[in-house]
Structure formats: C-alpha cells, structure tokens
Protein chains: 2
Amino acid sequence: MKRRNTATKEAVLSVLNTSGKAMSQVAIEKKIDVDINRATIYRVLNRYCEDGVLHRIVADDGRQYFALCMKCDEDQKPLHHFHFRCKKCETIECLPIPVHFSLSNDYQVEEVNCVLTGICKDCTKGIGEE
Amino acid sequence: MKRRNTATKEAVLSVLNTSGKAMSQVAIEKKIDVDINRATIYRVLNRYCEDGVLHRIVADDGRQYFALCMKCDEDQKPLHHFHFRCKKCETIECLPIPVHFSLSNDYQVEEVNCVLTGICKDCTKGIGEE
DNA sequence: GTATTATTGCGACATTGTCGCAATAAAATA
DNA sequence: TATTTTATTGCGACAATGTCGCAATAATAC
C-alpha cells in the first residue's frame, strides 16, 4: 500500500523530531498546533512503525510511546536499547544503552521492551520543566 | 493498616503459586474456582505488591501481570530480571536473567520493567497448551 | 458475644487503543 | 487540466483495563 504525504503525517513527525523523545498520542496531540483526530494520530503512528520510521515503547504506565530514535540511525542496525520514563516531566527518552541477554534458542524473541522509570537527569538537576 | 486472612486472598495467591508464572487479573479470574469480583482481585493484587509478596510487570500488551517469582527468594535481595511473554500460550514467566545497565547517577531509577515477547520454550517445542 | 475496621461486591468512571463507515484529498492517469 | 483511483481522515462506537466511592460483610481484637 503506497503512502501519501499529508500535513497530518508531517506534523506528527515534526513534533517527535523536535521533542527528541518518545511521546504518547496524548502528548503529541497537545504539542501539535493543528487539530488532528485521536484515531488518526494512532493510525499515523502505527503506519510509521510499520515503515520503520518510528519505534513503539510500552511503558510501565501501560501506555504506548513512539520515538524516532536518532541513535538507531548511527548504527547500521537499530539495536534494542533501554528507555527511561521520567515520572516528573512525563517524557520517555531513548538511552544509549543496549539491552543484552542470552536466552536458550528454543525461545523465539520477537520484541524487546525495556523501560526504567524514575526521575530523569534534567528533573534531578531541577532543569526539567514541570 | 493490618491485613486480614480471607479466602479470596488465599485463592489468588494459590492460583499464582500453582501456575508458577505471572498472570493478569483476567487469567487469575478464569483460573479461580470461586467467583471473585474484578475490582477485588485488583485490590488483592495491589496489596500483595505493596507487601512485597508479588511483583508487577507491565507487558508490551499494556496489561499488568503479577508474579510470585520464586527466584526472588533464593537470593537475599530480589534482583530485577527479564520476563518473557509468550504470544501463543499468553503467559509471562520470570526469566532467571538479571537486568544489567549502568546509568549516570543523576538518573534516579525507581522501577525496572523488562519484557521480551515471542514464543516461549514450551510452545516452540509444541508442548505448550493452546 | 460485641465492637472495630479491613475486606468485599457493586456500580460507575476515565483512559487507551482499535475499527467501520462515509467523506476528503493526494497521486496517477488520461 | 480534468478525471479517476484509493490512501487518508473524522466521526462515532466499542471493548478492555484499572481505579474509586459507597454500603454491606466478615475477620480480628476486646
């Protein structure tokens, strides 16, 4: 299925790009200046995930977050990495820490989802916006 | 607040004990012979988590799972470990694989939630019940 | 046996994520 | 440029998850 360029898609990507962090649908909707339907945002995000533009993180708050992940582009292959969810500024950032584990090969690992939760660097230092 | 012994609480713990895996509220409710209210199960589970009897895992399906985690008792301190969610038999098991990461100490890590998803050992071998 | 209060069932609620349908608009075609 | 094709969108609805307040129940202490 071919993809079309729309203002909506670009707006979503732009928000994620400038934030540099993983964002939930709600956070994206808040940051976007235009008014985009909730379901549409989810569809745009899901399509970007299919196309490998974004990756999805499910945090321990049970919500989905979506990130562009700059780090992925530096390496050839996007390695699984840890994420950090800050309870204070309510953002999720991709940590440049790869996830390592060794599992007997009768397990078929398809997805890796690792999230650390707490207070992030900026908020610890008091830089984080409330 | 003191805790009281009730049939409900014991039934929930018993189900988790015999299963040996992490279970969701729905899975627990299905396995339990008696009829227990949904909200009550959640409250029982949350109380057990507060008391350190259970630990909570949020999987990448966005749902909470609760486990007794035998491995935790062998060591003095319950180390953070990986979990494996099987898409086929829809169970989550605690893997005896500790989670390692080093993060600069201006991050305050409060929770660790690591879940691998795919097809588990038993289901790969065809042992897993459908 | 009685009093205290932790626990439970019930109903209600907010939130999240998805889906079907009709309307819209981007891209391809003539 | 005008027309066709069909990807995208908005809207409404839905199921599922997890929580909470309230009144009723029952475990423990007295």
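**Figure 1. Helix 1 and helix 3 of chain A in the predicted model.** The axes of helix 1 of chain A and helix 3 of chain A come within 10 Å and cross at roughly 75 degrees. Axes are lines fitted to C-alpha atoms, for helices over the stretch in contact, and angles run from 0 to 180 degrees between N-to-C directions. Helix 1 of chain A and helix 3 of chain A are therefore roughly perpendicular (angles of 65 to 115 degrees; under 35 counts as roughly parallel, over 145 as roughly antiparallel and the rest as oblique). From helix 1 of chain A, the residues A:T8, A:K9, A:E10, A:V12, A:L13 and A:L16 meet A:T40, A:V44, A:L45, A:R47 and A:Y48 of helix 3 of chain A (contact: heavy atoms within 4.5 Å). This contact has six nonpolar, two polar and three charged residues. Ala, Val, Leu, Ile, Met, Phe, Trp, Tyr, Cys and Pro count as nonpolar, Asp, Glu, Lys and Arg as charged, and the others, Gly among them, as polar. Helices (H or I, at least four residues) and strands (E, at least two) are DSSP runs, numbered from the N terminus. Residues are numbered from 1 along each chain as its sequence is written, with chains lettered from A and ligands numbered from 1 in the order in which they are written. In this predicted model local features need pLDDT of at least 70, side-chain atom pairs count only at pLDDT 80 or more, and totals for chains, interfaces and linings use all residues, while side-chain values use heavy atoms, with hydrogens and water left out.

**Figure 2. Helix 1 and helix 3 of chain B.** In chain B, the axes of helix 1 and helix 3 come within 10 Å and cross at roughly 75 degrees. That makes helix 1 of chain B roughly perpendicular to helix 3 of chain B. B:T8, B:K9, B:E10, B:V12, B:L13 and B:L16 of helix 1 meet B:T40, B:V44, B:L45, B:R47 and B:Y48 of helix 3.

**Figure 3. Relation of chain A to chain B.**

**Figure 4. Surface near DNA strand D.** Of the 26 residues around DNA strand D, A:T6, A:T40, B:Y42, B:R63 and B:Q64 come nearest (near: a heavy atom within 4 Å). A phosphate oxygen of DNA strand D is 2.2 Å from a side-chain N or O atom of B:Y42. For the side chain of B:R63 the corresponding distance is 2.7 Å, and for that of A:R47 it is 3.2 Å. Helix 3 of chain A gives the most to this surface, with six residues.

**Figure 5. Surface near DNA strand C.** A:Y42, A:R63, A:Q64, B:T6 and B:T40 come nearest among the 26 residues around DNA strand C. Sugar and phosphate account for 59% of the atoms of DNA strand C within 4 Å of the protein. A base nitrogen of DNA strand C is 3.0 Å from a side-chain N or O atom of B:R43. A phosphate oxygen of DNA strand C lies 3.2 Å from a side-chain N or O atom of B:R47. Helix 3 of chain B supplies the largest share of this surface, six residues.

Conventions. Polar contact = N/O pair within 3.5 Å; in protein donor to acceptor, adjacent residues only side chain to side chain.
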